[in-house]
Every structure is written in C-alpha cells, then in structure tokens.
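Dear colleague,

I am passing the structure below on to you, and my notes on what was found in it follow directly after.

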Protein chains: 2
Amino acid sequence: MSQYQAPMADFQFLLKDWINLDNHYASINAEGMDYELIMEVLAQGAKFAEEVIAPLNREGDEEGCKLKDGKVTTPSGFATAYQNYVANGWNAMLGNPDYDGQDLPYTSAVPIHEMLNSANLSWRLTTMLTESAVLAVDKHAPQWMKDQYLAKLISGEWTGTMNLTEPHAGSDLALLNTKAEPQEDGSYTITGNKIFITGGDQDWTNNIIHLVLARLPNAPKGVKGISLFLVPKFLLDENNEPGEANKLSVGSIEKKMGIKASPTCVMNYDGAKGWLVGEENNGLACMFTMMNDARFQVGLQGLGTCEASFQGALEYARERLQSRSPTGAKQPDAKADSLMHQPDVRKMLLTQKAFTEGLRALSILYAQQMDIEKYCHDHRKEQAKQIIAFLTPICKGFMTDIATEVTNLGIQIYGGHGYVREWGMEQLVRDTRIAQLYEGTNGIQAADLIGRKLTRDGGQMLNATVEMLSARINAMSNKKDIEKAQHLLHEWHQASCKLLGAEANDVAGAATDYLHYSSYVILGILWIEMADAANRSNNELIKAGKKHTCEFYIKRLLPRKDVHLSVIHAVADDLMSVSDQEFDYK
Amino acid sequence: MSQYQAPMADFQFLLKDWINLDNHYASINAEGMDYELIMEVLAQGAKFAEEVIAPLNREGDEEGCKLKDGKVTTPSGFATAYQNYVANGWNAMLGNPDYDGQDLPYTSAVPIHEMLNSANLSWRLTTMLTESAVLAVDKHAPQWMKDQYLAKLISGEWTGTMNLTEPHAGSDLALLNTKAEPQEDGSYTITGNKIFITGGDQDWTNNIIHLVLARLPNAPKGVKGISLFLVPKFLLDENNEPGEANKLSVGSIEKKMGIKASPTCVMNYDGAKGWLVGEENNGLACMFTMMNDARFQVGLQGLGTCEASFQGALEYARERLQSRSPTGAKQPDAKADSLMHQPDVRKMLLTQKAFTEGLRALSILYAQQMDIEKYCHDHRKEQAKQIIAFLTPICKGFMTDIATEVTNLGIQIYGGHGYVREWGMEQLVRDTRIAQLYEGTNGIQAADLIGRKLTRDGGQMLNATVEMLSARINAMSNKKDIEKAQHLLHEWHQASCKLLGAEANDVAGAATDYLHYSSYVILGILWIEMADAANRSNNELIKAGKKHTCEFYIKRLLPRKDVHLSVIHAVADDLMSVSDQEFDYK
C-alpha cells in the first residue's frame, strides 16, 4: 500500500471555502485564531502522521504487544514516536491552559486526530483515551487531584485509561461489581476485574492514571450506585513523582482481530488505592464526560481508516494493469489498461471517496459546533450542546459502520492481493472493526439516538439540528440546490417527529434504520452544500471533483435512505413474534 | 462460540417438503436414490463435520501453516482428519464410478459441502479443489492420464490444485506467461511462478497433482494461447507410485487475513515435467470446467460461514444477560434479560437467519439443476445447463457478499467479545472474506452475469431461469402468494431484458447492482415458496418459523432490491466523467 499522505487539499477546502474558518473564529471570538495559523498546525500534524507514525503501522500489526513479567511491551518504535509526540506538544492541543494546555479550537484538533487515525490506529488509541481522561479529571476532580495529575496528563507525561467493562457487564454497566472500600485517610481500596482496557499498561511513560468505575459499600443497585475513582499505577511520592507500585496488575493482553499494536488489557485491581472523582454514586455522569468525547473520537477512527483505505485503493487502481476497458483499449501501448478504466472499480472508488469526504465534512461540522459550545456564552452555546448531543451517536455509529464498508471495498479493489497482509488493506478492515463495538456498540448508539436524543424535551435536540442545517442550506447560492436540500431535510424532520410517542418495541426495532436514514440524509445535505461551496474554491480540481462526487452520492448512495425510511415506522411484530424455538427448529 | 451443529431440520424441510426429493429422483431416473438414503448420508456427514473437523477450526487459525525445508506442515490434527475423510469415502462422493467414485447426486453432496464449510473452512479448501481437479481430468485428460491419476484423485489418496494466478496476472489471465516447452517424450517442461495456490503443498498425502496454465512456444497472445498441464509433485514410477521429485517447489506461504490453516502457496516451477490436458491452446476451457464448479463451491463457503456465525450468535444472544427489554423485565428473577429480548438484536439474528436459510434454499435449487443436467438426456438437460450457467455468478457473488454481512452481524451481536479471537466470531469474518475474491472477484462475477450470461443468445439463460422459477411459483397453493411472487419475477424479467443492448460502460457500471438486484428477487421468490411449502411440514416450528422469517425477509430485506434497481439502467456518466486528478485533488 502507498505511504499515507494527509488530505491537505480537502482540509483547505473544508476549512476555508466550506465553513470559512476566519468568519467562524471571528463570530465566536476565538482570539488569536485564524485560518493561516490552523493550516500551519495541520501541516505540522500531517508531517508527524506521515513520517513518524504511519511507517510503524504495518509492522506494528505483525509484532503486536507482549506481556512479560507483568509488563507490557508495545511494538518497536511506538514508545519513541510517543515521546516525540509529547515533546512537540501534540498531546496538549486541547488541554486547559491553567495546566499548560494549548487550548486550541476543535476545528484544528479534529483534522489532526483524523490524520493520526489514518496513519496508525493502534498507536493513536492510547493518546485518545488520555484526552478523554483529561476531560473527566478537569471537569469532575477535586482541586488537589487536578494539581497532582492534570498537567502531566495534558502534556502526556502520563497516560490515562478508562475502566468500565467487566466480563459480565458490557453494554449494561448496571451489572458491574468492582468494589471500592473507603479508608480512613480519605482514599478507597479498589477490588475487581476489568476487561478491554486500552493502554492498561505500556512502555511509554513512567506512570499510568486509571479511571475506574466501582461500587461503594451499600451503594444503590444499578447505574445509580456507580462511582468513579482515580487509581494510579504508581502512587505519587512527596514530590509528586511515581513511587510505590499500586496493587493492580495486567492479567493478560486480549488476542484480538485487529488493533494488535494497541495493548488491550485485562486489569486486576487487588485492593488498589484510589480516590473519588466527582460525587459518590455519580460516576456514570463523570464517565460520560469521557465517553461522549470518546464516541466522537471513535467516529473519527472510522473516518481515518476510510481515508487510508481509499488512498491505498486509488494508488493500486492507477498502477495495476489488468484487462481492457469495456469500450476498448485505453492504454494501447501497455499490456493492459489500468483498473481506473473499469466502471465497476470506479464505482467502488467513488463510493470510498463520497463517503470519506462526506464523513470528513460531518466531522468538521461537529468540530465547529464544539468550538461554538466552548467559546460562546450566549444562546448559541446551548444550541450547540443540543446539536452535539444529537450528532454524537450519528458520528460514532455511521462513521464506523461506513468504515467497515469502505475498507472492505479497499480489499476488493486489490483482488486477492487485498487479502494478503503485506499490502495493509486487510489490516484496515481488522483495525476499524473494533470501532463499531467499543464505547457503546452501534446498536447502543442507535438506541441512544432514537430513545434518548430524539425524544428528550419533545424533540429539542432534533429541532436544533434541523435549524442549524436549514440555516446552512439557505445560505447556499443556487436556488435549485436549496430546494433539493430543504426537501431532504423536511422529509427527515417529518419522519423523525412521527417517531415521537411510538411503542417501545417498535422504536427499538427501528433504531438502527433511523440512525442510518438520518445519516444518509445529513450526508446528502452536506454534499449539496459542498458542491455549492466548491464554486468558491480557486482549485479547479476541487470545483469539478466536489460537483461530480456530489452527483455520484445523490444518484448511487443517497437512495439507500429509502430502504431505511421504509421500515422506521414499522410495527415490530415481525421481530417480536418469532418464538425462541423457531430460531433454530431444534 | 458454540460447537457447530448441522442444521438437519432445515435440510429435512428443504429436501422433503420443499423440493420433494423422492419425486425429484423419480423424475430424473436417479436409480437407487431416495430421501431416506440421502438423509442417512447427511447424518453421517454431519457427524464428521461436527465431531472431526469443527473441533480443529479455532486452534487451526492460531497455529497456521508452516514452511520448513521446503515442506508445508498444516495444523495439528488436520492430516489425520483428512485421512479419516478419505477412508470413509467422503472424497469420492461425486466421482465417476469407472474410477471407484460413488456417483452420488448433487442434492446429497451440496449439504455435505455446506457442513464442511461451516465446520472448518480452511480444512475444506484443499478437498474442494481436488474435486474441481477431478472434473477437469475426467473431462479433458487423455485415457492414459486418467488411468494413472483419476482413481487416486477421486479417492483422495492424492490431492489436486489449480494454478492460474501469477503476480501480474489475476483477473486478466491473458497476461500469464508461465512457459511450457514440448519434449521429445511427449511431456512438457514447465517454467514459471504461480501465486495464491491453495494446497500447493501439504502433509496429508504422498503426492499432489498440480493443474497448471502455461503457454506453449509461439502460442497466440492472450487467453487463446493458454494450455493446461498436469504436473505431479512426484513423478510416477513404473508401478504408478510417487517416485522422483519433480522440479517444483514452494516459494513461501502467503500471510493472509484468514484461512490461515489452509496453505496458500507461492509455487515455483523450475523446468518441471508436465503433460498436456485437453487440446493445445484450449487450456482456459479446460480450466473453466474446474472453475465453474469451484465458483459454486465458493458460494457454499459463504453459506457455510453464515450458518456457523448464526449458530454462534444465537447461542450467545440466548445466554448473555444484559439490560432489560424495552417493555420491562422479561426475566425478573435474573439480574438482567437475555439479549433475545432486544428488538435490535432480534433484527440482526433474523437477518442472519433469513439470509442463511434463503441461501441454503438457493444452493439446493442449484443442486437440483445439477442433478437434472447429470441424469437427464432430454431437453431438460439443456435447460438445466442454461440455468446453472446463469445462477453460477449469482451463487458465487451474492452468497459470499452476504456472508461478509452475516458474519459481521455475528461479531456485532457479541459486542466487544466478538472482536476477541477466542470466541471464533471474528475468525468467520476473516475466513469468509477470501470468498469474495478468489475464483474471480465478485466484480468479475457481476461482469460475467450481465455481460455474458444475460446477453448470450438473446437472453436464453435468463429466460430458462425465469421459466423454471415461474413453474415453481405456479405450483404453490396460495393464490395471493403466487401473485406476489409472479409480480417480483415479472419486474425482474422486464428490468433484465431492458439491459440487452445497453452501452458497454453503462452495463459494466450496473453489473454489481444487477447481480444484487437479481439475487434479492430470487431469494424473495424462494422465501415465498418456502413459506408455502412449510405448510406441508409436520414440524410445527418449521411451519411457524418459515412463515415468520418470510415476512421478515419481505418487509426488511427485500426492499434493498429497489436501491439496486434504481441504478441498473442508469447512464454511467457519473462514473466515467470524473477526471483522474479529481479523485484526490493533488
């Protein structure tokens, strides 16, 4: 596969011609920020992704992680790359400036994160979870804890982890039973087993800060009895340096389908010392501060792997000479025509391209809302919050479902060679597959969207999203396009409202279809908008490419929405009336 | 994951109530064959699949194949299982009785092959290719060659391989350049490199018979200059026993995404001794005797992995307690309800079930046509040939595309545990992924269907298929169902005929959509038929289950056909007008 190259021309288009970053920063009063500065940051980020971590990706998959004498070793080069990342301040991009964070807008960080995911998903994971841990500590931890831990988590001197899942408690955290016993010194003794812990141990830093969900004695049953604890790998000494080892250990590294270079650990807490983050029994809310960020970040993983697969497939389709075009030889001097002349291959490539660029637009739209939420202190903040809440399950669920389709097309374009590990195309399929599962399966995302986000406050989050999209559509230049996009939006809004008040089983049965229906519509609107904005670009390839890809999306991908629409108001009797024994006729 | 259990109740239903095997055998004069006998064969085959090869599957993936000192070692237990298979006559099921084959009908062999694929796809591959090699030798080889090789290939004393692909020649065999030089003794000296050779070497048998495509000196360019050669690993001595080693070797074993327990070899032919099979320069036709059989067999691989994934997911959904049903606790005494109470999980399971049982019906329909072609000597033989030719790319392409969807649902139902190798769910995704690629990528299947099978002789193959389906529909008992199915058939027939005479690029751009559109329609018809036939079953679970699953398929899966239908008559300008540089804006 080709060496990864950051999609800088598309970032330029999206940030300048599509959302007009300078106007955006001016309108939200993001002082000192402008398009030129951000593009400079992105160029540096691209260099890091392309030159430092992308070259470690293929071999990292083969080498994997090892556990020996209780210590995890990550693949060759991973630790050095991390130290480079930290030294250059990348870990601190979004951090609170009171703790030496750079406090950059999301519109700069999101493209960087996409690039890291494209270059090396396994490597990226640990830093992603550290950022989520930073959010939880920053928002919920007592001051003394922030003073001891926050600056080092922001800089990346230490990494953070997220400990939710237990063997019997995955989607249903109400069932978790790790215990926290209060001690006289104000600390807690944590006992229990956690699984699927990304970066549970690594050889990158001299301490690791675990955030662990556990139950206090006599805590209420279910999710209302869960508290969050900070549990360092090494307890801090009087100088705040890692000292005595805490009573925790890595039981094993999971043997997984992909992300083999990321140490996914079984963690044993055997009376480990920890401290409460936030209020007692309010751990789930604290954890959701991490989780919501992580869900969008997982969506970006999907986007990142789409881009990597598209690049690999495009290069191969251009170079691989095989058969002649259906309309006769196009490269008569060569022994065959390149795959680029096969309509079926072009269809696969354009599917990859239309999804990748569409999802990238969605990620920038989301980042823009995150900026508004962060910088504004008027009604726009609240509106942005609503939109973010609504779009989070869509970004997580759709971006990662589509990534499995897009990366599989990448294999398909390579033919048999796509199945051979050496080329890297199948690794992308294996790596990205996890993104449909963790931080809440995509079924959980769909249930969250249709069952909570859509219905809360009579559809307020939906309405905020519709208003925002409607305003964007009305700002376009072409009347016909405005009509087309408004029609899509209206159909979706109506169909969504019709779901309010439906029966519980019908809603649950429609959840995944509703998430996909909504996503195809939103991407359609964004594509129409992009084709419009491309007229403002001074890059002729962008102008033509966005127009053509929009046409492709509308003609060949958008019609999928109707399959989903056809069942979202269906009664779920076909799902519920099948008796258990009918499933397998035994 | 659960231990594999053969779907005997469904085989019974399909063979007895759906196609009425006794009537079928009587009508084609298949002497000595009846339903009871075949079910006895199937029960023995089920035992072998369940008890001998299924238990080797998970560990085989971890252990993989090894190449040392030029010799391949397959995973522990594989060779013994093969020897058991051969000793019990399974390899000879379909073989020519003149060479000690059992000459059984396809309606008995196809269910057996499905079970082998479900139990252990990697293990099955080598035997599958031996069967294909048998067909080519039986049909095209000179008598002396049959006398020396055929009985041992049929019994399985030796295995066979298929050597087509070279590094620069995959989908386009016109480019292959392995050379064959005629020798004075009537043999040929074969020189060249082949890749992706399944079973290129193994530790199961004392000889391996390679069928190799190569070019004679001064052969015409392109596919008209390819000949087929038989090249044994060991040359036979005067007693027809393996003697001197031939000049060929294994260069390496490919490192693949899946089917790791199957030795996929790079083969080097360094002046190896071989003999011509069939006529000079007619190798491709000989190879297609193998290839057409192999394509349907690859479709069966898709079906086999669907069944295995469905079984694993169903068991997990029944046992895994997580959250409560949307309408309140269903297992109030347990700590949570099983996943079976979640409508979204049921939708995934029913998708797996509807596809698996639908594809199984398609495989039995195909087997029935193969029986007709074999046993009949009247007009029915020719009609069956036409139908088989038309259905082959559909079986290969659709069954394997759907297998990737169905096995991925299997992971999804397991949540994070589906991503951990131990459970076996992700192995099915990795293993089955190859089936979309080999024996002609699914893009090649689609091109074959729309470009050759549909158009040849003014649509004769399509018409034969439509007639056969129409007759089946008219034999149903319920008038409403007859109308519904005829409507589907009619729409498809009309839409297909409209494609005749379309522009080359438009046809090529519509190929994959046409294959999927056709497949969803055919499966819809088969489902309506099955629901009708289930009324004849004395198994109440079958009666209710087929009815409910048919309703599910019609309501939630069949509508996908319309997305494909909406573009099959489209002009491909959106595919062809994107300039090369617009693809990535560099």
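In chain A, the domain assignment (bounds come from an automatic or database domain assignment) gives domain 1 (18-136), domain 2 (143-281) and domain 3 (441-570). The C-alpha centres of domain 2 of chain A and domain 3 of chain A lie 39 Å apart.

Please keep in mind that this is a predicted model, in which local features need pLDDT of at least 70 and side-chain atom pairs count only at pLDDT 80 or more, while totals for chains, interfaces and linings use all residues. Residues are numbered from 1 along each chain as its sequence is written, and chains are lettered from A and ligands numbered from 1 in the order in which they are written.

Chain A is superposed on chain B by a rotation of 180° with 0.0 Å of shift along its axis, at an RMSD of 0.0 Å (least squares on the C-alpha atoms of residues with pLDDT of at least 70 in both). That is the relation of a two-fold axis. Of the interface residues of chain A, 100% are also interface residues in chain B, so the copies meet through the same surface.

Within chain B, helix α1 (residues 8-18) and helix α10 (residues 343-375), both DSSP runs (H or I, at least four residues), have axes that come within 11 Å and cross at roughly 50°, with the axes being lines fitted to C-alpha atoms over the stretch in contact and angles running from 0 to 180 degrees between N-to-C directions. In contact there (C-beta atoms, placed from the backbone, within 7 Å) are B:Asp10, B:Leu14 and B:Trp18 of α1(B) with B:Glu357, B:Arg360, B:Ala361 and B:Ile364 of α10(B).

Best regards

Conventions
Contact = placed C-beta atoms within 7 Å. Helix = DSSP H or I, 4+ residues; strand = E, 2+ residues; numbered from the N terminus.
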